[in-house]
Amino acid sequence: MSSSQPYQASSPMGRKKSKYTYKHLAQLALSTPTCPLRVISHLDIDAAYAQFEMWCEGDEKWAYHDDAAKNIATHKVSLDPYRIESRRIFACIKEILPAGMQKVEKASIDEVFMDLSPQIHSILLDRYPELAGPAPYDDLTENLPLPPTTGLDWKADALIDLDGDETEADDPDWDDIAILLGSEIVRAVRAVIREKLQYTCSAGIARNKMLAKLGSAYKKPNQQTVVRNRAIQHFLSDFKYTKIRGLGGKLGEEIVSAFKMDTVKDLLPVPVEQLKRALGDDTGTWVYEVIRGTDLGEVNPRTQIKSMLSAKSFRPTINTLEQAIRWLRIFVADIYSRLVEEGVSENKRRPKTINLHHRQGGQTRSRQAPIPQGKKIDEVTLFDLAKNLLHQIVLEGRVWPCANLSLSVGGFEDGVVGNMGIGAFLVKGDEAKELNSSTRDERPEKRRRVDDRGIQKFFSKADGSEHDDDEFGAQELPGVVSAEGGYADSINSLLPTNGLKHQDITGHSAASSSLQQQQQQQHITDYICTRCNIHLESADTLQNHQDWHFAKDLHNEDRGHSLSKAQIPKPSKQNRPSSSKKNPTGRSKPEKGQSKLAFG
């Protein structure tokens with residue numbers, strides 16, 4: 001049913017407000033799934049698979065084959081032409097829609113979902129200024145004013161009839177205005193695709209993805225179907241619920257088996273509690289909502305693929321390794337051509353794993369291997385990996401006849417950009433010579449050590465420490481043996497002798513003393529030993545000097561311990577203390593509690 005009346009201003013006298021609120025209007029801008037004003041469109045290319053492009057066994061690229069149906073055992077359908085055209089259509093859609101308001105999901109090679117809600121929200125505020133103002137009292141729960149029109153022009157759209165309790169004479173609400181704007185946008189998209197690419201499309205426009213997809217298949221080809229909110233129940237009533245997305249397969253069969261019915265209108269009277277008992281709480285509740293037109297699925301704008309698959313079911317089956325390898329070559333060529341389009345040659349994106357699935361009878365075997373990340377992906381690399389996986393499966397035995405083979409790559413990730421090999425960090429030829437000469441010119445000259453006093457710098461000390469140092473120096477020089485037997489030699493070996501003899505160090509004459517005083521005056525710095533008040537020239541020298549003190553302390557401590565042992569006289573027989581009371585018989589008396597034993 002279609003209405004051709006132009007826009008008409010209705011009388012504001014006695015009009016009620018809209019059933020929708022300012023909150024719903026705000027949710028429309030955000031594409032909130034629960035928003036009743038949301039508008040989703042499903043676009044489906046008409047007759048996308050009108051021709052079959054085939055791979056022939058042993059080929060490395062797709063080609064047309066007139067006798068493909070006769071050679072199904074050795075040929076495989078190629079989807080490459082469809083993928084190329086699908087990308088062109090997808091790019092055309094994104095060119096038409098506003099850049100900042102695009103929510104487009106590629107549902108399959110010839111299907112696209114579009115969430116038009118943000119764009120419709122923008123058009124509503126532009127066409128109806130009364131919606132642009134703030135909510136009364138800043139209360140978003142306030143109802144919107146009714147649209148200032150009583151008739152809507154749906155052009156040539158296939159308009160679903162309203163539900164039984166609704167009439168076309170009723171004034172439209174904002175959900176009708178929103179879905180009308182959506183139909184205008186979709187009509188423009190279909191026209192541009194027809195003009196640029198010469199493809200016709202069918203479309204469905206509704207409040208969610210489930211209804212939009214059913215609508216695009218309702219009138220084909222080259223038409224668009226509008227499912228208004230007031231027409232949802234009438235639209236769904238004649239459908240078999242197994243046609244609804246998510247209710248096919250095993251779940252649909254389970255519902256048919258449990259309730260002995262297969263249409264939506266027959267299932268509508270079933271209470272939700274009965275559905276829960278038969279299907280479980282979550283599934284029963286979900287089925288109850290879906291058959292009433294509720295679907296909260298969002299349009300996912302993801303456009304990058306996650307995996308690639310190439311597969312073949314064999315009728316009749318294949319029975320040799322050579323046949324399987326020939327099919328692997330086809331799979332690799334198929335996948336690699338798609339990888340090139342995905343940007344693997346420029347290292348934009350690349351897969352991480354390769355998988356092979358093999359089915360023989362009722363048994364399925366799978367093998368997986370990582371794709372080397374350090375080298376460029378090419379057909380040879382993928383083919384070698386695929387053959388290795390196949391050989392692993394064959395080694396298990398009982399793999400023939402084979403009914404199905406499939407090869408896939410997955411785990412896609414963005415390639416590393418700007419990465420360089422080690423050769424990029426090396427310079428060669430004239431550049432290397434120039435760099436070497438400039439480095440040689442800028443290299444600072446080595447500074448000659450001015451002060452090289454050897455061991456004497458460890459003995460630069462104040463006047464008050466001469467006695468202790470002389471004693472320590474005499475004890476640790478070579479040839480002087482301590483009580484521990486050569487320990488002094490080991491301590492002395494830690495100090496640089498610089499060719500000095502024992503008498504050169506221990507003979508602290510007046511000349512050497514005056515020389516040390518002159519050196520102290522020449523090299524007075526901020527590095528002072530706190531134990532002997534010597535001024536040293538650097539932090540390293542001070543550290544060495546403190547190490548010398550530490551070695552000296554250890555030596556003195558050990559030497560004092562040895563001397564104390566040597567000075568303790570051993571008791572002689574003459575000096576042994578004798579008892580004041582001696583037993584004349586030479587035998588000691590038994591103590592209390594003791595008794596003598598007779599030994600004959």
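The legends below describe close-up views of a predicted model.

Local features are given where pLDDT is at least 70, side-chain atom pairs count only at pLDDT 80 or more, and totals for chains, interfaces and linings use all residues. Residues are numbered from 1 along each chain as its sequence is written, and side-chain values use heavy atoms, with hydrogens and water left out.

Figure 1. The secondary structure comes to 18 helices and 16 strands. Helices (H or I, at least four residues) and strands (E, at least two) are DSSP runs, numbered from the N terminus. Of the 600 residues, 38% are buried; buried means under 20% relative accessible area, exposed means over 50%, and partly exposed lies in between (1.4 Å probe, protein chains only). Among contacts (heavy atoms within 4.5 Å) between residues at least 6 apart in sequence, 70% join residues at least 24 apart.

**Figure 2. An open sheet of four strands in the order β9-β13-β11-β12.** The pairing in this sheet is antiparallel; two strands pair if DSSP finds at least two bridges between them. β9 and β12 (363–370) are the edge strands, each pairing on one side only. From one strand to the next, the twist averages 10°. Helix α11 (residues 321–342) packs on the sheet, where α11 touches β9, β11 and β13, and its direction makes about 155° with that of β9. Helix α12 (residues 379–394) also packs on the sheet, touching β11, β12 and β13, with a direction about 40° from that of β11. Axes are lines fitted to C-alpha atoms, for helices over the stretch in contact, and angles run from 0 to 180 degrees between N-to-C directions.

**Figure 3. Strand β13 (residues 402–410) and its two partners.** Strand β13 is mostly covered, with nine of its nine residues buried. Strand β9 (residues 307–318) runs antiparallel to β13 and is joined to β13 by eight bridges. In this pairing, Ile318 stands opposite Cys402 of β13. Strand β11 (residues 353–360) pairs with β13 over seven bridges, also in the antiparallel sense. Here Thr353 stands opposite Gly410 of β13, and His357 has Ser406 of β13 as its bridge partner. In a regular strand, side chains alternate between the two faces of the sheet.

**Figure 4. Lys209 in helix α5 (residues 209–216).** Lys209 is buried, with a relative accessible area of 5%. A polar atom of the Lys209 side chain lies 3.2 Å from the backbone oxygen of Glu298. Leaving aside neighbours within four places in sequence, Lys209 is in contact with Ile40, Glu105, Phe113, Arg245, Asp295, Gly297, Glu298 and Val299.

Figure 5. A search of the whole structure finds three cavities of 30 Å³ or more. A cavity is a set of points, on a 1 Å grid over the protein atoms alone, where a 1.4 Å probe fits but cannot get out; lining residues have an atom within 4 Å of a point. Grid points are joined across faces, edges and corners, and a volume is the space filled by probe spheres set on the points. The largest cavity holds about 50 Å³ of space. Its lining consists of Ile45, Ser86, Ile89, Phe90, Lys106, Ile109, Asp110, Glu111 and Val112. The elements giving two or more residues to this lining are α2 (80–96) and β5 (111–115). α2 gives the most, with three residues.

How values were computed
Polar contact = N/O pair within 3.5 Å; in protein donor to acceptor, adjacent residues only side chain to side chain. 1 Å grid on protein atoms, 1.4 Å probe; cavity = no way out; pocket = protein on both sides within 12 Å on 5 of 7 lines; lining within 4 Å.
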